[in-house]
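This report goes through a single protein chain and the side-chain contacts that can be read from its model. Please keep the sequence and the 3D view at hand while reading.

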Amino acid sequence: MKKSVLTRYRVMAYATAVMLLVLCASMVLKYGFDTGANATLVISQIHGVLFIVYLVFAFDLGSKARWKFGKLLWVLVSGTIPTAAFFVERQVVREIEPLITEAPVRATA
């Protein structure tokens, strides 16, 4: 497996997790303090797009790592639970890093 597969998963896991926390904060402001309705709309749409990209990258990583369905489902769902993606991402990195094969280095003449 290439390192780029893990790297793009990690980037999207962090981006999705951060945007979900921002979305939760904006929802508290919207419904708790009756402010920021427009910001919540924009943030929710950004999180939605990032989450779809996260799903694609997580599924790609899971298929290349040959995860069982339950593990794949847990990784996919972790993007919907605030802070869960941070912890799941760490577990995934520990599991996947030994599987990464580096491309052979070519000598330049």
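## Model and annotated spans

The model is predicted. A UniProt record (unreviewed entry) places the feature "domain: DUF3817" at residues 6-94. In the model that span is 87% helix and 0% strand. Its end C-alpha atoms lie 11 Å apart.

The UniProt record (unreviewed entry) also places the feature "transmembrane region" at residues 12-33 and 39-57. Residues 12-33 are 100% helix and 0% strand, with the end C-alpha atoms 30 Å apart. Residues 39-57 are likewise 100% helix and 0% strand, and the end C-alpha atoms of this span lie 27 Å apart.

## Salt bridges around D60

Side chains of opposite charge can pair when their charged atoms come close. A search of the whole structure finds 4 salt bridges. One of them joins the side chains of R8 and D60, at 2.1 Å from N to O. R8 lies in helix α1 (residues 3-33) and D60 in helix α2 (residues 37-65), so this pair ties together parts that are 52 residues apart in sequence.

D60 also forms a salt bridge with K64, where the closest N and O atoms are 3.4 Å apart. K64 and D60 both lie in helix α2, 4 residues apart, which is about one turn of the helix. How exposed are the residues of this group? D60 counts as buried because its relative accessibility is 17%, under the 20% cut-off. R8 counts as partly exposed at 31% relative accessibility, and K64 is partly exposed with a relative accessible area of 44%.

Which residue meets the side chain of E95 in a salt bridge? The partner is K71, at 3.0 Å from N to O. This pair links distant parts of the chain, with E95 in helix α4 and K71 in helix α3 (residues 69-77), 24 residues apart. E95 counts as partly exposed at 33% relative accessibility, and K71 counts as partly exposed at 29%. Elsewhere, salt bridges that share partners join R8, D60 and K64 into one network.

K71 has a further neighbour in W67. K71 lies over the face of W67, at 5.2 Å from the ring centre.

## Aromatic residues

The structure holds 3 aromatic pairs. Among them is the pair of Y14 and F86, which is tilted, with 5.7 Å centre to centre and 50° between the planes. The pair links distant parts of the chain: Y14 is in helix α1 and F86 in helix α4, 72 residues apart. Y14 is partly exposed, with a relative accessible area of 33%. F86 also counts as partly exposed, at 22% relative accessibility.

A separate grouping of rings is made up of Y9, F51 and Y54, which form one aromatic cluster.

## E89 in helix α4

Is E89 buried or exposed in the model? E89 counts as buried because its relative accessibility is 0%. The residue is found in helix α4 (residues 84-96).

Leaving aside residues up to four places away in sequence, E89 touches Y9, R10, A13 and Y14.

## The buried side of α3

Which residues of α3 are buried? They are L72, V75 and L76. These residues cover an arc of only 100° around the axis, so they sit on the same side of α3.

What covers the buried residues of α3? The cover includes α1, α2 and α4.

Technical notes
Residues are numbered from 1 along each chain as its sequence is written. This is a predicted model: local features need pLDDT of at least 70, side-chain atom pairs count only at pLDDT 80 or more; totals for chains, interfaces and linings use all residues. Side-chain values use heavy atoms; hydrogens and water are left out. Helices (H or I, at least four residues) and strands (E, at least two) are DSSP runs, numbered from the N terminus. Buried means under 20% relative accessible area, exposed over 50%, partly exposed in between (1.4 Å probe, protein chains only). Contact means heavy atoms within 4.5 Å. UniProt positions are given in the numbering used here, feature names are shortened, and annotations may be inferred rather than shown by experiment. Rings of Phe, Tyr and Trp (its six-membered ring) pair if their centres lie within 6.5 Å; planes under 30 degrees apart count as stacked, over 60 as edge-to-face and the rest as tilted. A charge sits over a ring if NZ of Lys or CZ of Arg is within 6 Å of the ring centre and within 35 degrees of the ring normal. The arc is that of the directions from the helix axis to the C-beta atoms.
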